[in-house]
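Please look over the chain below.

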Amino acid sequence: MRLGRYLRDRAAALCVTLLSIFLVNVVMAGTGMDHDTVVLLDILLASAAVLRVIVDYLPRRRFWNSVVEATSGDGTSPLNAVELLEDPSFVEGEITWDSIDAVARSGRIEADAARDDAAEYREYVEAWVHEVKTPIAAARIITDCNPGQVSSSIARELGRIDGYVDQALYYARSATLDRDYVIRNVRLNDVVTDAVKAHARSLIDAGVCVEVKELGVYVYADAKWIGFVLGQLIENAVKYRSSAPRLLFSAQVRNRGRASECVDLAVEDNGLGIPAEDLPRVFDKGFVGQNGRLEGQKKATGLGLYLVKRLCDKMGVGVRMESRQGSHTRVTLTFPTNRT
């Protein structure tokens, strides 16, 4: 709180003080008091007025400055702002402190209730996913025991359902990734191979040719979560494929031997590509872009790449996308090669 702002706020009181000093001068002059005495009284009254301003201003400055700092949005939650405030020694400061404390307590109660509701909903989704996977697995067994064109079509749709169920599960868990995240030194070739096998039916049905190059490097990551991320990229490559679809996995080590050493895993397809104007928003939640509005793709949800970005950010894995419409799309995942 600056002095000028304080003086403007107290302008009326200061004007009354000055007017009082002027009236005292008028009265003393009217009584015939000598000039030196009047000047001395003026100095005493002015000094008292200045001292009163200083004594009144300093505690207010400390308190209001602490309010500004606590609510400036520098990373401190507004719900904890009251703990950072100076103890006020004036009435309006105490009223303000009590008001902020009441709002913060109410906000904390509401935030705790919202967290509890979110946790309960997440637990419900996880339980539902595990329950619904049982009939899906049973249906798969039935189709495997009754081979034929109809069973093959049903199995293909069951695969899609299973993919959407997994998407719901990982979306629910993405808010609390730390509960189910285990960092291990994993070989990229093993992670990619498992992801390709898990989505083999989609790749085979679409006639996608898969190529793997130089994936013998090791990185620190969670194989299960990265497998899900790769699965989303594989399904996108299948969904937006070209007439002769190809999917390439390749890895490259950058800054070898340095503290910043990392591995880039590129997942590249030769599909439809993404328009340049859509690229900045491909990781936005619910964004489907022009490709998602094409005939046969109108059921796109816009959640796949959003989950890829969300999970990678949670795991500390970099992700970026490059694409040219009608040519290719390349998604690059950047992994650390050491725990630090």
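What covers the buried residues of H5? The cover includes helices H4 (91-145), H7 (200-206), H8 (223-239) and H9 (304-315). Note that this is a predicted model.

## Helix H5

H5 runs over residues 149-173, which makes 25 residues.

Ser151, Ala155, Leu158, Asp162 and Val165 are buried in H5. Gln167, Leu169, Tyr170, Ala172 and Arg173 are buried in H5 too.

## H5 against H9

Two packed helices are described by the angle between their axes and the distance between the axes. The axes of H5 and H9 come within 11 Å. They cross at roughly 35°, and the crossing is left-handed.

From H5, Gln167, Tyr170 and Tyr171 take part in the contact. They meet Gly304, Tyr306, Leu307 and Leu311 of H9. By class, the residues of this contact are five nonpolar, two polar and no charged.

## Strand S7

S7 spans residues 328-336 and is mostly covered. Seven of its nine residues are buried.

Which strands pair with S7? One is S5 (residues 262-269), antiparallel over eight bridges. There, Asp269 stands opposite Thr329 of S7. Another is S6 (residues 318-324), antiparallel over seven bridges. Val319 has Leu333 in S7 as its bridge partner.

S6 and S7 form a hairpin, with three residues between them. Gly326 lies in the turn and has a positive phi of about 80°.

Technical notes: Residues are numbered from 1 along each chain as its sequence is written. This is a predicted model: local features need pLDDT of at least 70, side-chain atom pairs count only at pLDDT 80 or more; totals for chains, interfaces and linings use all residues. Side-chain values use heavy atoms; hydrogens and water are left out. Helices (H or I, at least four residues) and strands (E, at least two) are DSSP runs, numbered from the N terminus. The expected span of a helix is 1.5 Å times one less than its number of residues. Buried means under 20% relative accessible area, exposed over 50%, partly exposed in between (1.4 Å probe, protein chains only). Contact means heavy atoms within 4.5 Å. Two strands pair if DSSP finds at least two bridges between them. Axes are lines fitted to C-alpha atoms, for helices over the stretch in contact, and angles run from 0 to 180 degrees between N-to-C directions. A crossing is left-handed if the near helix is turned anticlockwise from the far one by less than a right angle, and right-handed if clockwise. Ala, Val, Leu, Ile, Met, Phe, Trp, Tyr, Cys and Pro count as nonpolar, Asp, Glu, Lys and Arg as charged, and the others, Gly among them, as polar.
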